[in-house]
Amino acid sequence: MKVNEIFHSLQGEGYNTGKSAVFVRLAGCNLQCPFCDTDHTAFEEMAEEQIADTVAQYPASLVVITGGEPALQLTSSLIDRLHAKRNTVAVETNGTLPLPQNVDWITVSPKQDFVGEEGKCVITRANEVKVIFDGEHPVSDCGITAEHYFVQPCDTGNTRKNRKISNLCVEFVKQNPKWRLSLQTHKLLGIR
Ligand code: SF4
């Protein structure tokens, strides 16, 4: 499996914000979003057992498989290995590819409004939907049924623009109470 990095931090976004978590970033993505701020191209080949052993070195029980797009590589056998070590396995996906059935927590962050048809979601059920709002494209759940819906301001790298987008997100949530605000709290804290 092509692994970009494994690190221990707090989940910064969405429903599980603030939880101790080990992040497994798998390399590669099938989309090219204009605002992508993740360098997921470099990788080290790791066997599933090696990944599970590395994760087990940390005290967190929550494992977040992210990317890139983790569905390109994720297997049910890796999840079984993580479960065997008493981990809860969460996956953050753009929703364009099916996931193994044994994932415990699915976060879909749809990108079809940014990249068009190739970003169309095939996943229709998730635990949470997290939409990145860039101040231009409308906020949409893309027809995904979920327990929680989050809108998260896009980090444009421009302080004034970010402030404007955040204010629009606040107004959106005030008017659309199905949605909650998600912030990239790891960035606010200056942690990974
Ligand atoms: S889906 Fe995520 S990782 Fe892939 S290009 Fe878009 S923002 Fe980057």
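User: Which residues does V91 touch, not counting residues up to four places away in sequence?

Analyst: In this predicted model, V91 touches I65, P70, L74, L99, V103, I106 and T107. V91 is also listed, with V24, V63, I65 and V89, among the residues that have the most contacts inside the largest nonpolar core, a set of 38 residues.

User: How do you know how helix α1 and helix α2 pack?

Analyst: Two packed helices are described by the angle between their axes and the distance between the axes. For α1 (residues 48-56) and α2 (residues 76-84) the angle is about 35° and the axes are 9 Å apart. The crossing of α1 past α2 is right-handed. On the α1 side the contact is made by E48, E49, I51, A52 and V55, and on the α2 side by S77, L78, R81 and L82. By class, five of these residues are nonpolar, one is polar and three are charged.

User: What makes up the shell around the ligand, by class?

Analyst: The shell has four nonpolar, six polar and two charged residues. Glu and Lys count as charged, and the residues surrounding the ligand include E69 and K111. Cys and Leu count as nonpolar; C29, L31, C33 and C36 are among the surrounding residues.

Notes. Residues numbered from 1 in each chain as written. Predicted model: local features only at pLDDT ≥ 70, side-chain atom pairs only at ≥ 80, totals over all residues. Near = placed C-beta within 6 Å. Axes fitted to C-alpha atoms, helices over the stretch in contact; angles between N-to-C directions. Helix = DSSP H or I, 4+ residues; strand = E, 2+ residues; numbered from the N terminus. Left-handed = near helix turned anticlockwise from the far one by under 90°. Contact = placed C-beta atoms within 7 Å. Core = buried A, V, L, I, M, F, W, Y, C linked by C-beta atoms within 7 Å. Buried ≥ 20, exposed ≤ 12 C-beta atoms within 10 Å, placed from the backbone.
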